[in-house]
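Dear colleague,

My notes on what was found in it follow directly after.

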Amino acid sequence: MQPPWLIYETAARSVLEKIGSALNISTVEGKQKLDGLSGTEWEIDAKAIQENGENFLVVEARRYTTSSLTQEDVAAIAYRIGDVGAAGGIVVSPAPLQRGAALVAMANGIEHVRLTPESTSTAYPAEYMGKRFLGASVVEVR
């Protein structure tokens, strides 16, 4: 059985692919390592290709169930985005961003998608920019 964080990362990639038009993205690639301008290598949860095909966004999925992303969490993601030359980013998490985190996200072109911690690739409620996206799967009851 997969750990909850891995199920969440997989769900985040799948949901972003399904709601991509709302985010101006055409495809979402899986976990990968990117070289940074600093000489470091960064592992990202996903890479979203924008509809123009020229730019990409760093995707980070954080399944925090007891707290919101902090200003420092989002600042670290913002640094990673700049270091790998991305046009911006998407952070996926269950809770709203803390105030400072939301300000850092806005200043650095980072979008926030809310996805419940129990979400899967086929069954999910997601929220983005005041819109709710729902996916459902059929489960056989015995």
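In strand β4, Ala46, Ala48 and Gln50 point to one side while Lys47 and Ile49 point to the other, and all are buried; buried means under 20% relative accessible area, with exposed over 50% and partly exposed in between (1.4 Å probe, protein chains only). Strands here are DSSP runs of E with at least two residues, helices are runs of H or I with at least four residues, and both are numbered from the N terminus.

Please note that this is a predicted model, in which local features need pLDDT of at least 70 and side-chain atom pairs count only at pLDDT 80 or more, while totals for chains, interfaces and linings use all residues. Residues are numbered from 1 along each chain as its sequence is written, and side-chain values use heavy atoms, with hydrogens and water left out.

Regarding the neighbours of β4, it runs antiparallel to β1, to which 4 bridges join it; two strands pair if DSSP finds at least two bridges between them. Within this pairing, Val28 has Ala48 as its bridge partner. β4 also pairs with β5 in the antiparallel sense, over 4 bridges, and Ile49 stands opposite Phe56 of β5. β4 and β5 form a hairpin with 5 residues between them, and Gly53 in the turn has a positive phi of about 75°.

The loop between β3 (41-44) and β4 holds Asp45. Asp45 counts as buried because its relative accessibility is 8%. The side chain of Asp45 makes a polar contact of 3.1 Å with that of Lys31; a polar contact is a pair of N or O atoms within 3.5 Å, where within protein one must be able to donate a hydrogen and the other to accept it, and residues adjacent in sequence count only if both atoms are side-chain atoms. Leaving aside neighbours within four places in sequence, Asp45 is in contact (heavy atoms within 4.5 Å) with residues including Glu9, Arg13 and Val59.
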